[in-house]
Amino acid sequence: MKTRLTDIASVIRSKNSGPYELTLDILFNEQADFEKIRQAGYINEELICKLYSVTPDKIVSIVAFPPAKAIKATIKRPLCSGGLGETDVYGAQQHAPLLDLEFEM
């Protein structure tokens, strides 16, 4: 059975992690769902590369933080925050690719 990320996460957001990096945060409603996703390795380098059209060298980190039931991925921004041609100064609109994710649970 497939489960949508939006059904098991209370927060899915993006934000700047300094002017050159973007952080994607997923905070789960339940510890059990967080553990299933973490243990299955669904949020991984391959997925982030595919969703954000980046190469592995652009991924700074993907970290699970059990006390917060959270997974955090940080990638290098294609353009510096506020730079010429950049369209999301705060990085707050970059989480959209995560919203359509579904997982086998």
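Helix α3 lies across β3, β4 and β5, and runs at about 125° to β4. This is a predicted model, where local features need pLDDT of at least 70 and side-chain atom pairs pLDDT 80 or more, while totals for chains, interfaces and linings use all residues. Residues are numbered from 1 along each chain as its sequence is written, and side-chain values use heavy atoms, without hydrogens and water.

Some terms. Helices (H or I, at least four residues) and strands (E, at least two) are DSSP runs, numbered from the N terminus. Axes are lines fitted to C-alpha atoms, for helices over the stretch in contact; angles run from 0 to 180 degrees between N-to-C directions. Contact means heavy atoms within 4.5 Å.

Now the sheet. It is open, with four strands in the order β2-β3-β5-β4, paired antiparallel (pairing takes at least two DSSP bridges). β2 and β4 stand at the edges with a single partner strand each, so one side of each has no neighbour in the sheet. The twist averages 10° from one strand to the next. β3 and β5 share seven bridges. I26 has I71, in β5, as its bridge partner.

Back to α3, residues 45-52. S53 follows α3, with a positive phi near 50°.

Last, E104. E104 sits in strand β6, residues 102-104. E104 is partly exposed, at 44%. Leaving out residues up to four places away in sequence, E104 touches M1, K2 and Y42.

Technical notes. Buried means under 20% relative accessible area, exposed over 50%, partly exposed in between (1.4 Å probe, protein chains only).
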